[in-house]
Amino acid sequence: MNTPPTATTTAADTIAADTIAPPQQTIPLQAKLAAAWASFMFFYIYVDILALYKPGVVDDILAGIVWQFDITQTWAITALTLLAVPILMVWLSLTLPVRANRIANLVVGSIQIPFAAFNAVGELGQPWMYFYLLGVALELMLLAFILRSAWAWPRQSGPRLAR
């Protein structure tokens, strides 16, 4: 759009008129929730990965111990199950119908809070406390976003069926 200058237009007005701003696109809530769950999982995983650099952790793992737990198949299945729930929420947030999606995000988000906090409880007063507190704080911020978004999800008023 090339607007000829007039007595009241300036060069800046002409440039502004020639520049077309892209239309604002709204990101669907399902995509925001999936992105929040994916981000949550990155923190969840990377806190555990970075914790491997703590002195003595690898030695304990090689000795068959994680925290206070013996590394067994039962431990591995339990750990995988606990990790699978938020991992699947990335997919479920994009695919579940609205009502089920809202409920799943509220339930799973609420259940994940104690699991996130569990990582920091054993480290209170320990040298790595601030690392765990930061990781948990970031996870809790994402969980708060998930819970708030799911709680405030706009209710859709569809057509009512005649009885």
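Colleague: With which side chain does the side chain of Asn105 make a polar contact?

Modeller: Keep in mind that this is a predicted model. The idea is to look for N or O atoms within 3.5 Å, one able to donate a hydrogen and the other to accept it. Here the partner is the side chain of Trp37, at 2.6 Å.

Colleague: Is Asn105 buried or exposed?

Modeller: Buried means under 20% relative accessible area. Asn105, which lies in helix H5 (residues 98-121), has 0%, so it is buried. Beyond its neighbours within four places in sequence, its contacts include Leu33, Met89, Ser93 and Ile146.

Colleague: Which residues of H4 are buried?

Modeller: A helix has 3.6 residues a turn, so residues three or four places apart point the same way. In H4, Pro86, Met89 and Ser93 are buried. Helix H2 (29-51) and H5 are among what covers the buried residues of H4.

Colleague: And Ala84, how does that one read?

Modeller: Ala84 is also in helix H4 (residues 73-95). Its relative accessible area is 26%, so Ala84 counts as partly exposed. Its C-alpha atom is 9.9 Å from that of Met41, 43 residues apart along the chain.

Terms used: Residues numbered from 1 in each chain as written. Predicted model: local features only at pLDDT ≥ 70, side-chain atom pairs only at ≥ 80, totals over all residues. Heavy atoms only, no water. Helix = DSSP H or I, 4+ residues; strand = E, 2+ residues; numbered from the N terminus. Buried < 20%, exposed > 50% of the residue type's maximum accessible area, 1.4 Å probe, protein only. Contact = heavy atoms within 4.5 Å.
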